[in-house]
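Hello,

Here is the structure I promised to pass on to you. Have a look at it first, and then read my notes below.

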Amino acid sequence: MKFHIVTLFPESFSSYLNESILARAQKNKLIDFKFYNPRDFVKPTKTQTKHDKPYLRVDEKPYGGGPGMLIQAEPILKALTFIKNKIEKAQKNKVGERKGGTKNKIKIIHLSPSGKKFTNTYAAGVAKKFDHLIIVCGRYEGIDARVKKIFKGDELSIGDYVLTGGELAALVMIDTISRQVKGVLGNQDSVEEMRNASPDVYTRPEILVFNGKKYKVPTILLSGNHAKIEEWRAKQAKKF
Ligand code: SAH
């Protein structure tokens, strides 16, 4: 799974993506990340120099008035065109290498607090069906609505609250989708159907002493009776 992320703040991703399971998955070439800054798709005007502020601007006031700024359509459209062309080109070079030259499957995700709710079921679906996910992160008051009309995709929200930008939402989705990619969790048993599906989990010590009080592991988990343990876990677990 290749994630292509369109963002004004690519640096905000690295510390999270380069730790633990996601770092290992990248090393094992199970997932891959590419970042595209809309600013790189803006040309300076003839008279502009790097010292002019704002340089390479991507934001403008909204039509119809209102507070805040919007990201203009053009830099995002250029970035998306660039990404799609790049994927297609890589595809062409690969044809023949792959059996039957199956086409790359691309999905575009437009982040928006008003979008459809992102779920684990959605994550499992895209992990299975697509090779490339293009995630478009907004900032300020969002992106000119013509972008999602031109580059059709899924408009998704991670919850009923408004963030200052799409980067956190993108990270939530990347994390959730990645753990559904085969091999990422190492032990495939951990993935949904067979995972340790319980909100309450326990590890050593068997008896925890804290402030003079003892906290025990539920005896069922020490019973060795796997059928009963699974039944106990299933009763507590949330179904996605
Ligand atoms: N004015 C917009 C909000 C913009 S928030 C509105 O009323 O809908 C700025 C950007 O943050 C959005 O473009 C989107 O990319 C991202 N964002 C904010 N909240 C989000 C959420 N709950 N889920 C996904 N993306 C979100």
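This predicted model holds five aromatic pairs (rings of Phe, Tyr and Trp, the last by its six-membered ring, with centres within 6.5 Å; planes under 30 degrees apart are stacked, over 60 edge-to-face, the rest tilted). Phe3 and Phe33 are stacked, at 5.3 Å centre to centre with 20° between the planes. This pair links distant parts of the chain, 30 residues apart: Phe3 is in strand S1 (residues 2–6) and Phe33 in strand S2 (residues 32–36). Strands are DSSP runs of E, at least two residues, numbered from the N terminus. Both Phe3 and Phe33 are buried (under 20% relative accessible area, 1.4 Å probe, protein chains only).

Phe118 and Tyr122 pair edge-to-face, 5.9 Å centre to centre and 65° between the planes. Phe118 has a relative accessible area of 10%, and Tyr122 has 17%, so each counts as buried.

Now to the ligand. Of the 19 residues around it, Gly138, Glu141, Gly159, Tyr161 and Leu163 come nearest (around means a heavy atom within 4 Å). A ligand nitrogen lies 2.8 Å from a polar backbone atom of Tyr161, and a backbone N or O atom of Gly159 is 3.1 Å from a nitrogen atom of the ligand. Strand S5 gives the largest share of the shell, four residues.

A note on the numbers: residues count from 1 along each chain as its sequence is written, and side-chain values use heavy atoms, without hydrogens and water. Local features need pLDDT of at least 70, side-chain atom pairs 80 or more, while totals for chains, interfaces and linings use all residues.

Best wishes

Methods
Buried < 20%, exposed > 50% of the residue type's maximum accessible area, 1.4 Å probe, protein only. Polar contact = N/O pair within 3.5 Å; in protein donor to acceptor, adjacent residues only side chain to side chain.
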